[in-house]
Amino acid sequence: MSIVAERPGTAYEVREPSREGAWELIDGVFQEKPMGAESDWVASEISFNLRRQLGHDADGWVIRETTFQCFPQEPGRIRRPDVAYLRRARTKDGRLSRGHEKTAPSLVVEVVSPNDLAEEIEGRIHDFLQAGTDLAWVVYPLTRTVHVFRADGSAQRLTGEQALTGEGVLPDFHCSIAAFFETDYEAEVDARTSTL
């Protein structure tokens, strides 16, 4: 079961700099989005690989832990993906927002943590795809797999040395899934699963 702290809130309160932790606002209720150390490290590696291959991409930004308020059917809803790519052409005036980002990102990445429920991850991906996101990656550190979800409803599961690409969103991006994980991770997974 996911450990989720809930309390009534407003979109304004999520912006308060004094608020600790990573929160989302769903149906008027703050929901804490806890992230394990391993998942945070993997998210950093994904962000690094995206930035490294894209260089100083004039077309957009790779951003982490940014809050998005871009859901037309739920104007008070705020989501916080682990990593996102936002194309400059989608934004107002070609700039990032100073508060919550109001434009749906082209790509979102969610790295699964031990406390995440499948329903929570699915809900987050559904919200972004409905808002106009083109591509979503759900990364599972324990199994070293990535599930790819597209706006057209298609999906794909990738493992190991298979290549992950940015498809139409980031045509120049390609990376083996293994690059997102520590080099000795396979031995660690084998050790974990042998005790089950």
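**Notes on the sheet and the pocket**

1. A place to start: V148 has Q156 in β9 as its bridge partner. Strands here are DSSP runs of E with at least two residues, helices are runs of H or I with at least four, and both are numbered from the N terminus. β8 and β9 run antiparallel and are joined by five bridges.

2. Before going on, bear in mind that this is a predicted model, where local features need pLDDT of at least 70, side-chain atom pairs count only at pLDDT 80 or more, and totals for chains, interfaces and linings use all residues. Residues are numbered from 1 along each chain as its sequence is written, and side-chain values use heavy atoms, with hydrogens and water left out.

3. Two strands pair if DSSP finds at least two bridges between them.

4. As for the largest pocket, it holds about 240 Å³ of space. A pocket is an open set of points on a 1 Å grid over the protein atoms alone, where a 1.4 Å probe fits, with protein on both sides within 12 Å along at least five of seven lines; lining residues have an atom within 4 Å of a point. The volume is the space filled by probe spheres set on the points, which are joined across faces, edges and corners.

5. Who lines the largest pocket? There are 13 lining residues, and A118, I121, E122, I125 and F149 are the closest to its centre. α3 gives the largest share, six residues.
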